[in-house]
Amino acid sequence: MSLELVERANIIDVGVRAMLARLDLTRTDDEHERALDALMGISLAADALRALARGDLAGAREATRSMAYYARKAQGPAG
């Protein structure tokens, strides 16, 4: 199971890198910032999977908390 979690994390990382390669990193508007926050949250999901794979529950919890923080930021201000 540990190897499967690491493989999934690696797949997430490949996807995040591909998305970052397509973004215009010179933009600073709110929509673009939310996209970067979403990618950060996705990247933290990979960190959580890796922490679980090594049996680091505290690390997995911290990555999950951070992931939730970036997910909320990516949603933008409440309408």
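Select R54 to begin: this residue is exposed, its relative accessible area being 58% (exposed means over 50% relative accessible area, buried under 20%, and partly exposed in between, with a 1.4 Å probe and protein chains only). The model on display is predicted, so local features need pLDDT of at least 70 and side-chain atom pairs count only at pLDDT 80 or more, while totals for chains, interfaces and linings use all residues. Residues are numbered from 1 along each chain as its sequence is written, and side-chain values use heavy atoms, with hydrogens and water left out.

R54 and D56 form a salt bridge, with 3.5 Å between the closest N and O atoms; the term denotes a side-chain nitrogen of Lys or Arg within 4 Å of a carboxyl oxygen of Asp or Glu. D56 is partly exposed, at 27% relative accessible area. By this rule, six salt bridges are counted.

Finally, select K73 and D37. Their side chains form a salt bridge of 3.6 Å, N to O. This pair links distant parts of the chain, 36 residues apart: K73 lies in helix α3 (residues 57-75) and D37 in helix α2 (residues 30-53). Helices here are DSSP runs of H or I with at least four residues, numbered from the N terminus. K73 is partly exposed at 35% relative accessibility, whereas D37 is buried at 11%.

How values were computed. Helices (H or I, at least four residues) and strands (E, at least two) are DSSP runs, numbered from the N terminus.
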